[in-house]
Amino acid sequence: MTFLHPWLLALGAAAIALPLVIHRLTRPRPRRLPLSTVRFVREAVKEKRAKYRLRDWLVLLLRTAAVVLLAWAFARPLTGAKPLVKTDGQTSGVRVVLLDASFSMSAVSSGQSAFDRGKAVAAKFVQYQPGLRADLIVAAARPTAVFDGPSANFAALSDAIAAASPLPQRLDVQAAINRATEILAKGVPHQRMELVIVSDFQRSSWATADFSPLPKGVNIQFDSVVPAGQVGNIAILDARATGRIEQGREIRLEVDIGNYSSSLRNVTVNVTAGDSTCRLTGLCPPGVKTTLAGTILPRSAGWIGGRATLVDNHDALAGDDSRSFVLGILPPPTYALITRESSRPHPSSSHYLERALVPMPPQPGKPGEHVARIDPGQPDRAALAAASLLVLDHPGKLSPEMIDLLTAMVRRGRGLLYVAAEPIDASNLKGIADAAGTDFKMPVEFRPPLANQPRENLFLLEWKKDQPPFGRLTELMNAVGGSLRFSGGLSSARLDTGLSDDVLATYSDRSAALVVTSCGAGTIAVLNADLTESNLPASPLMVPVVQELAGRLLSTHATASASACGEPFAAYLPPDTTTPDRLSVVDPAGIRQSDATLTQDGTLVLWHQDAAGPPGVYQVKRGDDTVYALATAAPASESDLQTLDPQTLKTRLAAGRSVYFENSADQPPRADQWTWILVACAGCLIGEVGVLKLFRT
Amino acid sequence: MSDTAIAETTARPHSKYLNLAALSALAHLRFATRYRIEGSYSGRHRSRQRGGSAEFVDFREYAPGEDLRRIDWKVLGRTDRPYVRLYQDETNLLCTMLVDASRSMLYAGQRQRPEESKLRYVQYLATAMSHVIGSQRDQVGLAVAAGGLLDFFPPAAAPMHLWRLQRMLETLDDRKAPPQTDLAGALRAAFDRLSRRGVLVVMSDFLVDDLEAVFANVRLFRHRRWEVVIMHLIHPEEERLPLGAAYRFEGMEDDGTINCTPADVARGYEQAFEAHAAMVRALALAAGCDHRRVLTSTPYLQTLGGFLVERSA
């Protein structure tokens, strides 16, 4: 315990003798009186002596305690532990000041941001003290030290603090601690080491901090800059589109709202995407994430940037009241139906598939879905390249060139639906698997059925009810699924190399009915049935199952969430971008990014960057055309301003090191006990009166 | 009393503690005893002896060998049985006043004025009582007790004796009393010197170490058929301690000093003092003595008057 006026304690120690002096001075001078009955006085005194001795001791004790408490109160005791780091006087050693510059430090309270308070606190620790060398680490996603080692250039450190500003990044606590460890290790051995951490000690960042890399003898001082009773925060945590984003089709937009306040809030969000807007409104309970949803109708295909903004929201952290997102709007899908069957409308497997893929013909003059029939013997490469989904049905024996072409397209992101009805299809699937190599791990191996085991009247034994195409069709499958009968197709055998979860449906003979497996950037689905020999085309399940399956196989890369600012990221460009030549990355202001790297990775182009830039939409352009876009935003975890319990820092995380926790934002919090001490002093005096009264009665 | 003695007495000044004008109001009262006494001369008090010349008391059947002159012939004639007439013999009173002159009797309250001391009160009271007894031709003696028996005047009725006795009472406070009171020893010494039974009046504050020993000697007198009157003298300021913050009480008989705040011990003191007074009373009554609690705040004439009135009745 420390004192504001410690010299008063010495005065108080001297004042302890005061009651004795007062007692002697105020003791009544006895009046001499001859008395014949002294024997009775002596008798009475003897009887009362023990009692009054107790009274005298109690009175002396209470009176002394009152004086001591009075001196203590005037000395103004400061509660809490003594700071480990002195900001004045001579000190010999190394000091590292770690200033948190994460996004949460920009939270404003009482008209001042936590970072501004932190700068003022940090500046105190980088002032000149004889014998001291110091360094400053401004830490966010990456820690940045002013010097490589401790320095006596305090002016430069002060300038660095003045120039620092909060970043829309999370705090990588461990990287910062490791950096501080490196700097402290450069000090003179056996000298005093001090680490001052100025932060808001946000729980999401500091809960997993590990101080074990620091040297054992380091003195850690935590300076919190968060005042008590900080204003609550409402934040947009994510904004995204769900499902296939397609031109001319309504897109479902979802916005996640985090309510980190203590009350229920009615939130309104304005969403703009290109020239489309929508307004989302909803109630957000405290302490949970709420998803608000709405729809927009994109009128053109391509990459567009969007922004979700909270309306009339006044909270601690303004930076998370809006969030950028990107929509990659695709044109209506084109299906390439590769089959040997005639295009004449008659009951055939390919006819059933064509009608199921495009149940309604497109309106004239408007873009819409359509099916292009392709003869596998004479493939139209342009039609294949334009197709969004490849559908193979009764293709016959595929040539190796055709297999290589199809496999390459799938690996770049195309979807492929193979309806395996004939024994030759087993050979084709094996050829595709061989061509795909390690990118394609089928869970089963399809084989031609044995002659003595005819595949007839098979029914579905089980299916994955939580995955497409059955996920949204649970009721219909329960009603109709049991009546489906299948014939034809291939027998199958389980392979250990594949994932059993890729088998979505199984027949009554334990052969695979539907298999969906990823292959490179694309997906391959195998429907193991001869549709002409099955009653599926005649059932109400045909169209929804095929639609759901096609939806799963179509590309969904445009729904990626925003990348976190300051974090490294990597993203494949769309499969149709085959080379990084003539590609460039521009930031939200249209300025070309020099630190972005575009490299060839197999058949795809990889965009990677060591640190994502400030919030906004970044575009990969080829000339004036945008081939890809990506949004960056502050990490959602930074919006939760809840702080870590200081006790956790001091005990569990500090691992037994000398630590001190101080909340600089709550000054003066510690010298307020003198009033209670005065009350105790008054209590002693009242107690003295009470003792006298008690013994008198 | 001879004419010479009367002349000598009238020539000498009487005691300063003798207020004849005040005592004239008590002239009609006489010191009466409760029991029959044994006197030297004929007087107004009933004697233990029964003779033939005095007041008739009763008849008793004649016993052979008795003086035939005492037979009541008239009764014999009427009853044919011899009866002897009994008469009460009257004699004078032998009263001995045993006065405590110890240092504790000098206590005069907070103001410490000698005229308010217990000894001064005894001087007035004993002088007045000796005058009353002497004026009714009874014999009065004086024993002065302090460390032991300091002075002793056997009972006598001569005016000169009275003058000397009162003179001794007058000079009591001039004596230097020994530090310790030995009232029991004084009683024992007086008992040894007094051969004829009479009345013993003890005037003391009874502030002694061994109260039992005192009353053991009182009981000696009672065994010899003495009438004993215990006058327990109490100063009003002895009953309760004085008010004030702190006092240093100094014992008057070399019993040390003690510092205390009276308020702290007042209750205990009062209880102890009352217990002492009750003990004196109980021991006196148990020994068959007449006990009187005499507060020195009461005028001595009132005390004496009350005593005599009670006795006369």
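The following legends describe close-up views of a predicted model.

Local features in this predicted model need pLDDT of at least 70, side-chain atom pairs count only at pLDDT 80 or more, and totals for chains, interfaces and linings use all residues. Residues are numbered from 1 along each chain as its sequence is written, chains are lettered from A and ligands numbered from 1 in the order in which they are written, and side-chain values use heavy atoms, with hydrogens and water left out.

**Figure 1. Helix α15 of chain A and its buried residues.** Helices (H or I, at least four residues) and strands (E, at least two) are DSSP runs, numbered from the N terminus. Helix α15(A) covers residues 674-696, and its end C-alpha atoms are 33 Å apart. This agrees with the 33 Å that its 23 residues should span at 1.5 Å a residue, the expected span being 1.5 Å times one less than the number of residues. Ile677(A), Cys681(A), Cys684(A), Glu688(A), Val691(A) and Phe695(A) are buried in this helix; buried means under 20% relative accessible area, exposed over 50%, and partly exposed in between (1.4 Å probe, protein chains only). An α-helix has 3.6 residues a turn, so residues three or four places apart point the same way. The buried residues of α15(A) pack against α3 (38-74) and β3 (77-78) of chain A.

**Figure 2. Ala71 of chain A in helix α3.** Ala71(A) has 12% relative accessibility and therefore counts as buried. Leaving aside neighbours within four places in sequence, Ala71(A) is in contact (heavy atoms within 4.5 Å) with Leu8(A) and Gly12(A). Gly12(A) is 59 residues away from Ala71(A) along the chain, yet their C-alpha atoms are separated by 4.7 Å.

**Figure 3. Strand β9 of chain A and its partner strands β4 and β10.** Of the eight residues of β9(A) (192-199), seven are buried. Two strands pair if DSSP finds at least two bridges between them. Strand β4 (residues 93-100) of chain A pairs with β9(A) in the parallel sense over seven bridges, and Arg95(A) has Glu194(A) as its bridge partner in β9(A). Strand β10 (residues 219-224) of chain A also runs parallel to β9(A), joined to it by six bridges. There, the bridge partner of Glu194(A) is Asn219(A).

**Figure 4. The open sheet of chain B.** Six strands follow the order β7-β6-β5-β8-β9-β12 in chain B, with mixed pairing. Strands β7 (149-156) and β12 (290-295) stand at the edges with a single partner strand each, so one side of each is left without a neighbour in the sheet. Neighbouring strands of this sheet are turned by 15 degrees against each other on average, direction ignored. Within the sheet, β5 (residues 94-100) and β6 (residues 139-145) of chain B pair in the parallel sense over seven bridges, and the bridge partner of Leu94(B) in β6(B) is Gln139(B). Helix α4 (residues 118-135) of chain B packs on the sheet, where it touches β5, β6, β8 (199-204), β9 (227-234) and β12 of chain B. The direction of α4(B) makes about 170 degrees with that of β5(B); axes are lines fitted to C-alpha atoms, for helices over the stretch in contact, and angles run from 0 to 180 degrees between N-to-C directions.

**Figure 5. Helices α6 and α7 of chain B.** Helix α6 (residues 183-193) lies across β5, β6, β7 and β8 of chain B and runs at about 35 degrees to β7(B). The axes of α6(B) and α7(B) (residues 211-223) come within 8 Å and cross at roughly 15 degrees. That makes the two helices roughly parallel, a term for angles under 35 degrees. Residues in the contact include Leu187(B) and Phe191(B) of α6(B), and Val214(B) and Phe221(B) of α7(B).

Figure 6. Most residues other than glycine have a negative phi, and most peptide bonds are trans. With 57% relative accessibility, Asn457(A) counts as exposed. Asp80(B) counts as exposed because its relative accessibility is 66%.

How values were computed:
Parallel < 35°, antiparallel > 145°, perpendicular 65-115°, else oblique.
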